[in-house]
Amino acid sequence: MRRNSKKNGAVKRILCLVLALAMVVLAGCSNGTSSTGGDGTATEGGSSQSAAQNSTAEANGTGDLKVVRTRTGAEPDSLDPFQSAASDTEAIMHNVFEGLVLYDETGAIIPGLAESWEISEDGLTYTFHLRDDVNFHNGQHMTADDVIYTYQQLSGLESGGEAISSKFTDITNLEAPDEYTVVITLGAVNASFLQLTKVAVVPKDYTDQATAPIGTGPFKFVEYTPGQRIVLEKNEDYYEESRMPQIDRAEIYIMTDESAVVQALQSGELDFAGVSGDNAMILEGQFDIYSNPQNMVQIFALNNEVEPFDDVRVRQAISCAVNKQEIIDGAFDGYATELYSNFSPVMGFYYNDELTDVYTYDVARAQELLNEAGYGDGFDMTITVPANYQAHIDTAQIIAEQLKAVNINAEIELIEWGAWLEDVYGNAQYQTTIVGLTGKLDPNDVLVRYTSDYSRNFFRYNNPEYDELIEKAMTETDENVRAQYYKECQRILTEDAAAVWTCDPNIIVACRPDLKGYTAYPVTFTDLSKLYYEE
Amino acid sequence: MGYYCRKIGGLLVTLLLVSLITFGVFQILPGNPAYIILGVDADPLQIEALEKSLGLDLPLYQRYWNWVVGLFQGDLGTSLRYQQPVSQLIADGLKVTGSLALVSIILTVAIGLPAGIWLAGHSEKKYAVGLSMISQLSLSIPAFCMGIFLINIFSVQLKWLPSMSYVSWSEDPLGSIRSLILPAFSMSLGSAAVLIRYVKVSVTNQKKQDYVRTAYSKGLTSRRVMYGHVVRNSLIPVITILGMTVADILGGSIITENIFSLPGIGRLISVSINSRDLPLIQGLVLYLAVIVVICNFVVDIVYSVVDPRIRLK
């Protein structure tokens, strides 16, 4: 008997210990609730601010700072605008850096650091008139010297001879007639040049851009913690009233897990974030959902050099056998725009809208074309898909299923992104693949990918007529004629079935209902300056 | 002394082999760090410049040799992806993973040890079967699943605890603990369940030993028998398991850290592999090997404390 009661005593002690521990944990929780409850009320528009936020707590300490928290899916490649190429990085850093020209939400070019410009008759000389009221984030006043320095770096002129970007090697001379005028001379006509001058202007002789970036934009860079976040704050000294930020601080969290993003939105730890179509449906109601075409081309690329895709009839047959609407519904939950060439209708001015019925979904016609090409009994093929893009994987599964109707047996091979970049993108070691090509403002940047001498022409498309048209468009200064050339280019691609262009997946953003002003652009750019909290 | 020398010698050989294998594997894997860092829209000139600045134009053996020489000078090199010293990145990651490990291990022991001991004494009770089943269940729920589940309850529904990002101890101690509770809990449930089973079996076995009967017949109270003899003798297998768990948690959990967006060792591992960041991977492999060896070392020492009959040979 005694033994038993003693044993119960021991159990009681253990239970007490567990209970005490549970209380410590609970105390931590309740403590948090009460302290952050105060934060919620202190925050501007903080009606749905949750208790579970630490990030705003520090900001709130200094008054009612308006903080916006969002997410990016990848680490920045480099904070230095000249060493960065990733569109995810550009999406954030375009708030910090600005060029001579900027673009608006339709993709049209608008004045930036240059308030006006003239292009000479021969299309070779560009004269930019700079604003005289611009300061860099370090207080330094911006003059023609900084612009000259920027373009010297980019073009390799007088900076040791090494160009930073091959796009600027056309520049043959740079001059500053006065403090606020810059004259850029090109060696050859380049119709895309004005659009290129959206590249960041950096302060002269400043070399710490990779760690402490300094630009002229509406937001200043504050900090970057690898694996965690990038913080920007309002540039109080910003020169353009119409683009003056209405929020004080932006925190961009690096989050790789999509479901974590959804939960962070729901728990109030993020104010807005890009989400996938199925998650948008979950968040609808609690959040404002913005869905806009993003000028991306999801492409089912067929290696034009590899049998049987070297036969145009086989490519045409596949174009007829793929039902794009099913992909849009199945892989993107309807949030996408159907495409007919390597061009999104968002780029209205250059878009060829007459290609919608060149290849419609028609299994009988596909079979006929395959018969003609001698593949009436079908064949085996592989779709190589980067494993980190779920939408592309889903698309591959739908396509593989659709191709069975014409006896094509498609096997899906998932490969890691790094391997995809080298094997598929770099060396065209593949049969077919599915990937998204991000949007560009200049039609040349989109269509030049199919020219035979383009280093990353992984479609291995080769058509001298096409090359010539791209060349002609490049030197054409009349925008209307140029647009005609690009429409013609799209037609050639479609008729040759250089690839199967499935859709332009929408960029879908879930935004806290009281956070307004979210603006979509036809390029990846998260414009923070237009965001504001509803009073 | 000879024991320690042999241990350290073994460690060095292991590390050399592991680093050689990692180096080799990364030559076979397709994927160029410069391509991966800059992505699809890279300009050819940018790639060239980056490759040069990363030192990727040097021959392979030279890069390995430079790394080994640097290592002996205490320099782990510079990460390609982050452009920061590898040692700095690992130290930063360790702050997060280390705090996470500390909280997880405290939770593991606090749950596993008492529950195991209690179960061993009450295995005949009906509700013991229930507890057994719960431990079986938490053993079979993967950490990521538990993580999402916990976030849903405590962050989304109740809004008690944050679900993302790490707050450092020095900045905000309370916030730091709060940010670690959910990830630590989702990690420790599985290991606590393992611990429960080991403790239970071990204690049950010890209780059948002759010395227990002797102790009782000597007139000792059941508490003294339990905590003076049985538990102490049961601890040996438990310590082995705990050592493995500690090494495991300190090695960073890729999945848990991703779900809770914690910038720890696990996150570094996944980023470094995906971006072919060889110096960072080498540094991490070195770190992992050292952690495992140290944990085993500590386990050996604790053995001899718990059971003085065991001597380090």
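## Confidence of the model

Chain B of this predicted model has an average pLDDT of 82, with 98% of its residues at 70 or above; pLDDT is the predictor's confidence in each residue, on a scale from 0 to 100. Within chain B, the element with the lowest mean pLDDT is helix 1 (residues 2-28), at 79, and the one with the highest is helix 5 (residues 86-121), at 88. Helices (H or I, at least four residues) and strands (E, at least two) are DSSP runs numbered from the N terminus. For the complex, the predictor reports an ipTM of 0.75 and a pTM of 0.80.

Residues are numbered from 1 along each chain as its sequence is written, and chains are lettered from A in the order in which they are written. Local features need a pLDDT of at least 70 and side-chain atom pairs count only at pLDDT 80 or more, while totals for chains, interfaces and linings use all residues.

Chain A contains 15 helices and 20 strands. Of its 535 residues, 48% are buried, that is, they have 20 or more other C-beta atoms within 10 Å of their own, with C-beta atoms placed from the backbone.

Beyond its neighbours within four places in sequence, A:Ala499 is in contact with A:Ile299, A:Phe300, A:Ala301, A:Leu302 and A:Phe459, where contact requires C-beta atoms, placed from the backbone, within 7 Å.

## The interface between the chains

Chain A supplies 61 residues to the contact and chain B 59. The side of chain B that touches chain A comprises 32 nonpolar, 18 polar and nine charged residues. In this classification Ala, Val, Leu, Ile, Met, Phe, Trp, Tyr, Cys and Pro are nonpolar, Asp, Glu, Lys and Arg are charged, and the others, Gly among them, are polar.

## Domains of chain B

An automatic or database domain assignment divides chain B into domain 1 (2-72) and domain 2 (94-308). Their centres, taken over C-alpha atoms, are 33 Å apart. Domain 1 of chain B contributes 14 residues to the contact and domain 2 of chain B twelve. On the side of domain 1 that touches domain 2, helix 1 of chain B gives the most, with eight residues.

Technical notes: Two residues are in contact if their C-beta atoms, placed from the backbone, lie within 7 Å. A residue is buried if 20 or more other C-beta atoms lie within 10 Å of its own, exposed if 12 or fewer, and partly exposed in between; C-beta atoms are placed from the backbone.
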